[in-house]
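Hello,

Here is the structure I promised to hand over. Please open it first, then read my notes below.

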Amino acid sequence: MNTIYYIVQQTMFFAIPLLIVALAGMFCERSGIINIALEGIMVIGAFFGIGFIALMQMNDSPMNPQLMLLVAIIIAGVAGGLFSLLHAFASINLKADQTISGTALNMFAPAAVIFTARILQSVQQVQFADKFHITEVPILSGIPIIGSMFFKNAYITTYVGLIIYLISYILITHTRFGLRLRACGEHPQAADSVGINVYFIRYMGVLISGILAGIGGIVFVVPTSTNFNATVAGYGFLALAVLIFGQWRCQKIFFSAFFFGVMKTFAAAYSGIPILKDLPISANVFKMIPYIITLLVLVFMSKNSQAPKAEGIPYDKSVR
């Protein structure tokens with residue numbers, strides 16, 4: 001039973017950032033804008049969030065660690081949102097190729113982070129102390145089975161991710177904004193004909209995408225490392241695979257994220273799982289599992305999955 005608890009706890013560390021960033025991609029693409037810049041936005045968000053934590057710890061701030069992490073998450077979201085506006089401006093106003101725009105941001109982000117870090121502290125790694133681990137949540141950790149799985153050896157980022165999922169699901173499926181967002185992605189001319197500002201809605205879609213991707217960056221780094229080295233280990237691209245596997249729908253993205261999270265857990269934490277540890281298999285094979293699964297998913301799902309119809313990508317109407 002302890003092994004199951006361990007697998008679930010480790011899965012949360014990997015699945016939650018995938019869930020958040022895949023939802024980020026969903027908001028953007030449902031509005032009619034392709035966003036492959038998730039990796040770069042994650043890097044920017046993680047840099048500013050971890051930078052805030054490192055600065056506060058360097059100055060021996062008396063701030064509660066959990067509150068400090070929440071503030072860092074907000075900072076990461078703001079940074080990611082602002083950075084994503086570059087993609088929005090290029091794609092919506094300048095009518096630039098969205099794939100090229102996203103690629104440019106992916107290339108720019110780590111370079112800018114490394115340059116800035118070296119200017120500020122001479123080295124590119126941003127070090128921080130992991131004081132955010134929650135051994136057990138009072139009262140809730142006492143719940144049989146569930147308590148040991150979700151409320152012991154956890155991070156507050158897990159609960160933040162689940163809250164983001166619930167809000168995203170309600171926003172995209174049960175609100176007027178969600179309806180308008182989907183309309184602007186699928187039938188922008190029809191949306192424009194009833195007075196919806198298509199450009200504004202798309203900007204909001206990209207902005208929300210940036211905020212979530214920025215949050216996803218710090219949510220990935222904090223539980224898995226004690227330094228930030230201008231990379232998020234390809235999680236932005238893996239989140240795109242989760243998005244495709246989830247067919248751009250909230251509920252399917254949720255299950256897809258946890259499926260990939262389990263695969264990533266087997267790859268990164270196999271030594272803590274007795275059954276896998278005793279197998280005569282090289283560690284490199286386990287590390288390859290998430291990426292092999294990603295390729296297989298993309299091969300098989302590409303024939304059966306299609307992004308929401310985005311007639312509006314070449315939408316040239318004047319801003320209303």
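Start with Thr 158, which sits in helix 6. This is a predicted model, where local features need pLDDT of at least 70 and side-chain atom pairs count only at pLDDT 80 or more, while totals for chains, interfaces and linings use all residues. Residues are numbered from 1 along each chain as its sequence is written, and side-chain values use heavy atoms, without hydrogens and water. Helices here are DSSP runs (H or I, at least four residues), numbered from the N terminus.

Is Thr 158 buried or exposed? Its relative accessibility is 4%, so Thr 158 counts as buried. Buried means under 20% relative accessible area, with a 1.4 Å probe and protein chains only; exposed means over 50%. Setting aside neighbours within four places in sequence, Thr 158 is in contact (heavy atoms within 4.5 Å) with Met 12 and Ile 16.

Next, the helix pair. The axes of helix 6 (residues 156-174) and helix 7 (residues 176-186) come within 5 Å and cross at roughly 70°. Axes are lines fitted to C-alpha atoms over the stretch in contact, and angles run from 0 to 180 degrees between N-to-C directions. So helix 6 is roughly perpendicular to helix 7 (65 to 115 degrees). Helix 6 contributes Leu 171, Ile 172 and Thr 173 to the contact; helix 7 contributes Phe 177, Gly 178, Leu 181 and Arg 182.

Last, helix 10 (residues 235-245). This helix is mostly covered, with eight of its eleven residues buried. Among them are Tyr 235, Gly 236 and Leu 238. After helix 10 comes Gln 247, with a positive phi near 55°.

Best wishes

Note on methods:
Helix = DSSP H or I, 4+ residues; strand = E, 2+ residues; numbered from the N terminus. Parallel < 35°, antiparallel > 145°, perpendicular 65-115°, else oblique.
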